[in-house]
Amino acid sequence: MENILLRNNISRLEEYFACGGYKPLKKALGLKPAEIIAEVKRSNLRGRGGAGFPAGLKWSFIPPGPDGQKYLVCNADEGEPGTFKDRELLRANPHALIEGMAIAAYAIGAAHGYIYIRGEFAAEAAHLNAAIAGARAKGFLGKNILGSGFNFELFVHRGAGAYICGEETALLESLEGFKGQPRLKPPFPALKGLFGSPTVINNVETLAAVPSIIDKGGDWYAALGTAKSGGTKLFSVSGPVARPGVYELPLGTAFSELLETHCGGMKPGKKLKAVIPGGSSTPVLTAAEAMALKLDYESLAAAGSMLGSGGVIMIDDSQCMVKLLQVLARFYHHESCGQCTPCREGCGWIEKVLNRLEEGGGTPGDIDLLYSVAEGMTGRTICALADAMAMPVMSFITKFRGEFEAHAAGKVCGK
Amino acid sequence: MPYKLTDEFKEAAARICARYPRRDAALIPLLHELQKSRGFVAEEAMDELAKFLELPYARVKAAVTFYTMFNRAPAGKYHIQVCRNISCHMAGAPDLLGRLRARLSLKEGETTADGLFTLSSVECLGACGSAPVIQVNEEYFEDMTLEKLDALLEEMKHGRLKPPAL
């Protein structure tokens, strides 16, 4: 299969243009907004940021018509541990994102768009700004795009170090200059989003897929994936495999193919023990479970986990699961925004209990205590960060209880 | 010491504010600008920025303390940030951190007496495929090893920091 998103020598405007770039924008501007939304619905494109919400449906929630200010926001706040696909995409193919945003903005009637990029990606932000300036100079952005009468201004906005800003309403708060604390929903951003106006927020990878969908059609894109999840997906693979990196594969690809064919298997001497399939928040799978899996939204859900962001973390049998969960708990405790008590306190207590299990001060009751704290956090907060902590806790304990019991009995593994 | 916003800053600020329908949305980009010029955001600078944006001081202070990238005290010329999250952890981040602590005689959050190095550990930098990763100021250094770290430290001691190609 030919890659759609990650292609060689497409980073510069001339190169992108030579490959047919910005022709889909011209085509889209000749269509009615409703026709574009229908095409994206037909493509079965699901949000690539983690939640997998159908993109066309999300766009259709925006009140139609030209009245009033609307916004399009790209979520480039890539921070889910194990995920690094958007960085790769921003470097290799920034114009697919810019073109996808121009098309999406036309479809929803937005005159302004922002790309919220995590603050640490300074080089990628500069690269993106240069690409935007190039697109603007050629009339693909700005006033009266390609003579259509449609205006769209696009700006890059750098965050400043807060995982929570990847949550879409926290991102909006941050973009407005506040602390990134998630908002209560409803109202949903489609009705009351950025600066109080209807807003669509999509991930980088989602928006970058749009030009190809307009070019080749929703049916073509849908046929690349499974019955319910269209297209290709970027998988970020980390851990001790021979070739870690970002792989673009059709949804529904076997996990074993990703590991063995694309990543070249495990490094010599390393044996796969566990897999976190969709970024650090998604429930862990044993190696045997993972090897039997297909990588798509439905298959992962049926296996009790999630495709999430497609951040596949491979864990070998030299790693201690208690230690790795401690690393994750330290992260979620650090990143909890603090506004909901179950999350703020729950993440803190989970980290403390794991610290004592790791350091040899644990008791057998600690394992059930961890589990019950995680259960008590689930579904009781404004956003999903508490669940993002609870899911690893519950799945690590369920799948690897023996390792936790060894620590509760006094095992210390150090580092 | 009173802090004065430079004309250069005010010009950049006017350009940045124009991107948003409300000036206060420019708060975080403007804090980046302030940090760029001094390496940190001083209390007095927060006060001046609040006046400039016609915001309560608390709004500015809240942002500076919420977002981890803003330094509230002068950092070293080279701010070494070691990712400690799961993929980097498995790939040897604790060893990198240990080497830096030992060679610089620092704990996380501290700066060397000569003002050259600040050491921090940070959460996921979003480059897990090339773990372990460290960031020095705004540059990423990937697929790190103890040998590469020693060589990088040597370069920085001589005032050189060659950013890797994008």
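Q: Which element gives the largest share of the lining of the second largest pocket?
A: This is a predicted model, where local features need pLDDT of at least 70, side-chain atom pairs count only at pLDDT 80 or more, and totals for chains, interfaces and linings use all residues; side-chain values use heavy atoms, with hydrogens and water left out. Residues are numbered from 1 along each chain as its sequence is written, chains are lettered from A and ligands numbered from 1 in the order in which they are written. Among the elements of chain A that give two or more residues to the lining are α4 (55-60) and α5 (85-92) (helices are DSSP runs of H or I, at least four residues, strands are runs of E, at least two, numbered from the N terminus). The largest share, five residues, comes from β4(A).

Q: What volume does the second largest pocket have?
A: On a 1 Å grid over the protein atoms alone, a pocket is an open set of points with protein on both sides within 12 Å along at least five of seven lines, a cavity is a set where a 1.4 Å probe fits but cannot get out, and lining residues have an atom within 4 Å of a point. Points are joined across faces, edges and corners, and a volume is the space filled by probe spheres set on them. The lining takes in 48 residues, with G49(A), G50(A), A51(A), G166(A) and E167(A) nearest the centre. The volume comes to about 1,200 Å³.

Q: What is the volume of the second largest cavity?
A: Chain B supplies this lining, including C83(B), C88(B), C124(B) and C128(B). The lining residues divide into seven nonpolar, one polar and no charged. The space inside is about 30 Å³.

Q: Are α16(A) and α18(A) roughly parallel or oblique to each other?
A: Axes are lines fitted to C-alpha atoms, for helices over the stretch in contact, and angles run from 0 to 180 degrees between N-to-C directions. The axes of α16 (341-359) and α18 (385-399) of chain A come within 9 Å and cross at roughly 30 degrees. Angles under 35 degrees count as roughly parallel, over 145 as roughly antiparallel, 65 to 115 as roughly perpendicular and the rest as oblique. So α16(A) and α18(A) are roughly parallel.

Q: How do α2(B) and α3(B) lie, oblique or roughly parallel?
A: In chain B, α2 (27-38) and α3 (43-53) pack at about 140 degrees, with their axes 11 Å apart. In contact (heavy atoms within 4.5 Å), L27(B), L30(B), L31(B) and L34(B) meet A45(B), L49(B), F52(B) and L53(B). All eight of these residues are nonpolar. Given the angle, α2(B) and α3(B) are therefore oblique.

Terms used. Nonpolar A, V, L, I, M, F, W, Y, C, P; charged D, E, K, R; others polar.
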